[in-house]
Every structure is written in C-alpha cells, then in structure tokens.
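Subject: The structure we talked about

Dear colleague,

I am passing the structure on to you with this message, and below it you will find what I found when I went through it. Please keep the structure open beside the text as you read.

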Amino acid sequence: MSTSTVLYDHPGPRARVRNAVLSVVFGVGLAALLWWVYAKFDQAGQWEGDLWKPFTEASTWTQFIWPGLRQTLLAAVTGMVLSLTFGILFAVGRLSDHRWVRIPAGAIVEFFRAVPLLIMIFFIFYGVPFLIQGPVSAFWSVVIGLTLYNGSVLAEAFRAGIRSIPTGQAEAAYAVGMRKSQVMQLILVPQAARAMLPVIVSQLVVLLKDTALGYIVAFPELLQRGVNDLSANRGNVVAAAIVVAMIYIVINSMLTTLANWLDRRTRRRAFRIPKQATAPRDDTTVTEPQG
Amino acid sequence: MHVFADPTNLDAYLSGFLWILKLTGSSAVLALVLGVLLAAFRVSPVPVLRGFGAAWVNIFRNTPLTLIIFFCYFGLFTTLGLTLSDDLDQNNYWLGVVGLSVYTAAFVCEAVRSGINTVPPGQAEAARAIGLTFFQTLRIVVLPQAGRAVVAPLGSVLIALCKNATIVGTIGLIEASSVMKQLINDNGDAVIPIFLVFAGTFAALLIPTGYFFGWLANRLAVKR
C-alpha cells in the first residue's frame, strides 16, 4: 500500500466533523501533557535563565560542544571507513567457493552481530590491556567495537546486494574470460555497492548514534563533553541533554534524508534489483536499531 | 574457567543476565503496544495524531539510546524527582525500561508502518467498499496481514532491544556488561574466558532467536 490514504474514505461532512473533534480532543490532551511537563520542569526550576545561558556563550560551544562533536564525527568517519572494508571483505568471504573461507567468515559475522556493542567495547577497553600489557585508548576501543559490529551488519547487506545481482552479469563476465576475483571486483561488488548505497548511509546513522557509547568509557565525544562535562560545571543537565539531543537529531535527520534521496535515485536509475531478490529469506535484518 | 567456579562470580553472572532478560521482556511488551499505537496514529485520518506519531519517531529514532537512558536517570530521576520505586535497583530498572521502551517503540512503529505498506491497496479498498470504518479496516483487514509481514523486522527489533539492554548499566544497574567489566578488572589473568562466556551467552541467546524469527516469518508469510 503506497499511501495510507487508501485506508479511509475521502472525508465527507460527518467524517470531517469527527476528525476535527478528534483533533481538538487529542490536541488539548497533548497540550495538557506538554503543559504538565513544562510545569514539572518549572517546579524543578529547569527554565531558570542561568541554566540556559551557557548556550549563548561562545566558550560553551568552543570548549565543550564543538570539540565533542568533532570527536564524535571523527570516530564515526573512521568507524565507517573501517567497517565498509570489513563488510566487503567478509561479504566476499561468505560467498567464497572454499568452505574453509566461507564457514569462518560466516561464523565471525554471525558472532559479532549477536554480541552487544557495549560488551565488545568493554572487552577492548578493559580486557585487551591485560593481554597486550599496555593501554588501549578510548577512541580505538569505540572505533574497533563499531567496526566489528557495523562491519558485520554491512557484510550481510553486501551479501544480500551481491546475491541480488542477476546471474547473467557474472555469467557474461566469465564468458569474456574474467577470473573469479575479477568478476567479484569489477562486476559484482561495484553494482552491489551502488544498490546498497542507501543501506550504507542509514547504517552510518546507526554508527553515529553508537559513538555515544563512548561516553561509558570516558571517550570525550558529544555526550561526554556536551552533557556530562558541561553540566558538571553548570548544573544544567536537562538543558544540556536537550541541546545535545537536538544536535544529534539534526545531523541524523540530514543523513536519513540523504539515504531516502539516494534510495529514490537508485530506484530510478538503470539497475533494478528484482523484487524477489531484494528480500532474501534470511537477510531481513539490514539495519538494526542499536544504541 | 576458575573464575566461574567461584559461587559469588557465578551468581553475579546469573543476576546480570536475569536483569537483561527482565529489561528485554518488560520493554518488549511496552514498546510493542506503544509502537503499534504510534503506527495506527501515523496512518490515521487525524492530522494531529499523524504529526504526533511522526514527531515521536523522528525524535527518538535519531537520538542515541545512551543519551535517552542518561536523560531518564539524570533528567527524570535526579533533576525532576521522578521515582518509580523505593528500591534503588528497581528504580534504575524501571527508568531503564522507560528509556528502552520509548526508543524501541519508534522502531516498532516504523516496522509496523512498512508492514502496512506491504498489504495490497485492494484489501483496504475492498474493506472500505463493504462499509468498514477506519478502525475496522485496520483491525480486521490490514493489521492481521501486516502482522505476518512484520514478524521478521520485529524479530530484529527484539534482538536489538536485548543487546541495547546492556546500556542500562550506565545508570548503575549491575547487568551483564557491568558484571563482565567488574570480573575483567578483578581477574586480569582470565580476560578471554570471561569475554567468551559473556559474548557466548548473548550469541547463544540471540542467534537462535534470529533463526526462529526467520523461520516464523517464512511460515506466516502471506503467499501472494
């Protein structure tokens, strides 16, 4: 069903009245709820100018929010580059003709998809230093954790993408004398990457949100700097959380819009994934809501 | 494996995973109810409801869960004084459930809404043609068919929820990841076994769950 309007008739006079009444009732209910929240905040003194004033001062932005945002973006970009590499390698590995490549690659992908990111980050941050007898920085704990998890999710996405390419493509490539690796590199992966571009971008949203886990291991990203450290100085945790949440929402909404635009664009372009192949039975999970 | 031979450690391990299961269970029920309701809002004829649903999804889907849980504790509890239980652990648990539910409901809503989109328009048109109202169309005709299509996506949402439950450790609930961190700090000589036990437990819980939902989705799929 492409539009939801098919669910109800074009409203006649009675339906219009009913919808208007429902709008008003719900609107009033919503307004009451918002007012209640407002009153609660007011009671707790959360609208005091002092708590919000820091956000009008340049030093808040230059010392807390911007450095935090930069670390967040740095971790997200590094994590994305590494997880794309990981994803392509393991997708190709899982499609290999050799069982000794296919099975370990599959096991690794399944394992890292099932383990919570926080468990990985804790292991890298607290456990690995015991093993290598030296510290691991919070940045790399977060980035490696993100790479293993998102790389595995992307590997599944790529595998679905590669499998969705019509077999004629690979057959034609073999027919002109290409080797297996050439077929993969020159024919299958580029087409899969293009078809999977929207999925890759929406995974970037997941990855960007997951960098907030860095807060738990004291990595100075946006949540740590902009909410925790700032409110430690100013005592304005609610105000800071709201401002930082808005920053996340704006960035992620832009990325989501980009993903949707790419999705429409790829659909319009020449290469179309056959409908049946887009949803292979075991590849239903492409993007997962992670923290 | 000497670490888990110690009964205190074994108890910590068990109670850690018990918290994870409890968090997952309560949040799954709440998020499912809330998510289906939000999806109904998003396709309803009333603009205010549609706007509310869309706003909820856009706000909570784009905010990191860590920030939401953080806000539940430091915002709702510490600053605004919202106390859900007198027992400290229970209070943290319910604050975690609130955070996980409002976050997951956004994903449930989107899954259900895309499930509604898989139902052919003819079904709803036929329902309207025989005079069913919006709620009847949704309840009797569209949602039962959409429900079969969303089994697999809801399965992934549930799996993600179970993994996300570890984040509640941030606000002081001693769940599995916090237990693992503690055990690693106390037993530097057994880091790998500890990690493998915790990660393995999650894998043992979640990989079969994934296959189960895949199987169920296939079984329930509407043959068209």
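Leaving aside its neighbours within four places in sequence, which residues is A:Ala259 in contact with? The contacts are A:Pro198, A:Val201 and A:Ser202, and A:Ala259 itself is found in helix 11 of chain A. Between A:Ala259 and A:Ser202 there are 57 residues of separation in sequence, while their C-alpha atoms are 6.0 Å apart in space. A:Ala259 counts as buried because 20 other C-beta atoms lie within 10 Å of its own, and 20 is the number at which a residue is called buried.

Before going further, please keep in mind that this is a predicted model. The model scores ipTM 0.89 and pTM 0.87. For chain B the mean pLDDT is 90, with 99% of the residues reaching 70 or more. Within chain B, confidence is lowest in helix 1, where the mean is 79, and highest in helix 2 (residues 7-42), where the mean is 93.

Chain B

Chain B is built with 10 helices and zero strands, so that its pattern along the sequence reads α-α-α-α-α-α-α-α-α-α. Taken along the principal axes, the C-alpha atoms of chain B fill a box of roughly 70 × 45 × 25 Å, and of its 224 residues 50% are buried. Among the contacts in chain B with a separation of 6 or more, 74% are between residues 24 or more positions apart.

Helix 10 of chain B, which covers residues 191-220, has 30 residues and reaches 43 Å from its first C-alpha to its last, close to the 44 Å expected at 1.5 Å a residue. Its buried residues include B:Phe195, B:Phe198, B:Phe202 and B:Phe213, and B:Gly210 is also one of them. What covers these buried residues comes from both chains, and includes helix 4 (99-114) and helix 5 (117-132) of chain A as well as helix 1 (2-5), helix 8 (151-164) and helix 9 (176-186) of chain B.

Where the chains meet

The contact between the chains takes 54 residues from chain A and 63 residues from chain B. On the side of chain A that touches chain B, helix 1 (13-43), helix 4, helix 5, helix 10 (222-234) and helix 11 (237-268) of chain A each supply at least two residues, and helix 11 of chain A gives the most, with nine residues. By type, the residues on this side of chain A divide into 34 nonpolar, 13 polar and seven charged.

The largest nonpolar core has 151 residues, and those with the most contacts inside it are A:Ile119, A:Ile121, A:Ala241 and B:Leu67. Helix 5 of chain B (residues 88-118) gives the largest share of this core, 15 residues, and the core draws at least three residues from each of domain 1 (1-44) and domain 2 (48-278) of chain A. Leaving aside its neighbours within four places in sequence, B:Leu67 is in contact with A:Ala212, A:Leu223, A:Ala241, A:Val244, A:Ala245 and A:Tyr248.

Two loop residues in chain A

A:Gln133 is exposed, with 6 other C-beta atoms within 10 Å. A:Ala218, in the loop between helix 9 (197-210) and helix 10 of chain A, has a positive phi of about 60° although it is not a glycine. A:Ala218 is exposed too, with 11 other C-beta atoms within 10 Å.

With best wishes

Definitions and conventions:
Residues numbered from 1 in each chain as written. Chains lettered and ligands numbered in written order. Predicted model: local features only at pLDDT ≥ 70, side-chain atom pairs only at ≥ 80, totals over all residues. Helix = DSSP H or I, 4+ residues; strand = E, 2+ residues; numbered from the N terminus. Buried ≥ 20, exposed ≤ 12 C-beta atoms within 10 Å, placed from the backbone. Contact = placed C-beta atoms within 7 Å. Expected span 1.5 Å × (residues − 1). Nonpolar A, V, L, I, M, F, W, Y, C, P; charged D, E, K, R; others polar. Core = buried A, V, L, I, M, F, W, Y, C linked by C-beta atoms within 7 Å. Domains from an automatic or database assignment. pLDDT = per-residue confidence, 0-100.
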